[in-house]
Amino acid sequence: MKTLSIDVRRAEPHDAQAISEVHRLAWQHTYAGIIPHRALTQMIERRGENWWRKATRGPATLLVLDVAGTVAGYATLGLNRARALPQEGEIYELYLRPEYQGIGLGRMLFGEARRLLKSLGCKGMVVWCLEENENASQFYRGHGGIDFCEGMESFDHRQLKKIGFIWN
């Protein structure tokens with residue numbers, strides 16, 4: 001019997017190309033038909049390998065989900081950016097390659113991101129997702145998130161509602 005290694009670890013600069021690929025595939029899969037095509041394409045192109053290499057050294061923490069040497073997903077996290085909310089931590093992004101979705105790996109990555117925020121002393125956490133992203137909304141509700149607040153994001157002159165899920 002073979003053993004499959006699955007690990008969540010901090011991203012390193014050499015992971016940049018793989019994270020860029022996860023980002024592209026996950027965003028195309030998740031947001032096609034939600035975010036206008038031109039805006040989505042520009043957002044993906046803006047975050048190429050060099051952008052991700054810099055992100056591994058940036059102020060936000062960048063985690064990768066490593067499945068047998070393949071970067072299958074990533075999460076970015078840090079301090080809550082919405083000053084009106086009392087929760088101190090925030091997961092800014094959490095994405096998996098489409099072929100790794102729905103098998104429990106997102107739960108693993110999410111759990112590690114939450115533990116890291118807690119270990120850094122953050123009391124409570126917030127995660128934002130677009131309202132039309134039903135898979136993400138179901139995921140966060142299923143993991144105890146409370147649909148607490150709303151906001152708006154503009155994409156190529158189209159306003160989309162986002163939901164803030166909180167954990168105390």
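**Pockets, cysteines and loops in a predicted model**

Strand 4, residues 89-96, contributes the most to the lining of the largest pocket, with seven residues. Strands here are DSSP runs of E with at least two residues, and helices are runs of H or I with at least four, numbered from the N terminus.

Residues are numbered from 1 along each chain as its sequence is written, and side-chain values use heavy atoms, with hydrogens and water left out.

I return to the largest pocket. A pocket is an open set of points, on a 1 Å grid over the protein atoms alone, where a 1.4 Å probe fits, with protein on both sides within 12 Å along at least five of seven lines; its lining residues have an atom within 4 Å of a point. The space in the largest pocket comes to about 1300 Å³, where a volume is the space filled by probe spheres set on the points, and points are joined across faces, edges and corners. Its lining comprises 49 residues, and Tyr31, Glu93, Leu94, Tyr95 and Asn133 lie nearest the centre. Divided by class, that lining holds 27 nonpolar, 12 polar and 10 charged residues. In this scheme Ala, Val, Leu, Ile, Met, Phe, Trp, Tyr, Cys and Pro are nonpolar, Asp, Glu, Lys and Arg are charged, and the others, Gly among them, are polar.

The second largest pocket holds about 200 Å³ of space. Helix 4, residues 105-119, supplies the largest share of its lining, five residues. Among the lining residues are Arg114, Arg115, Cys122 and Trp167. The class counts for this lining are four nonpolar, three polar and three charged.

As for annotation, an unreviewed UniProt entry lists residues 6-168 as "domain: N-acetyltransferase"; such annotations may be inferred rather than shown by experiment. Over residues 6-168 the chain is 35% helix and 34% strand, with the end C-alpha atoms 28 Å apart.

Next, the cysteines. How many disulfides are there by the distance rule? With a disulfide taken as a pair of cysteine sulfur atoms within 2.5 Å, the count is zero. Cysteine 129 is in no disulfide, and the nearest cysteine sulfur, that of cysteine 149, is 11 Å away. Buried means under 20% relative accessible area, exposed over 50%, and partly exposed in between, for a 1.4 Å probe and protein chains only.

Finally, some loop residues. Arginine 97 lies between strand 4 and helix 4 and is buried, at 17%. Its side chain makes a polar contact of 2.8 Å with the side chain of glutamate 99; such a contact is a pair of N or O atoms within 3.5 Å, one able to donate a hydrogen and the other to accept it, and sequence neighbours count only if both atoms are side-chain atoms.

The loop between strand 6 (146-155) and strand 7 (158-167) contains aspartate 156. Aspartate 156 has a positive phi of about 55° and is partly exposed at 31%. Histidine 157 is in the loop between strand 6 and strand 7, has a phi near 70°, and is exposed at 77%. Most residues other than glycine have a negative phi.

How values were computed: Predicted model: local features only at pLDDT ≥ 70, side-chain atom pairs only at ≥ 80, totals over all residues.
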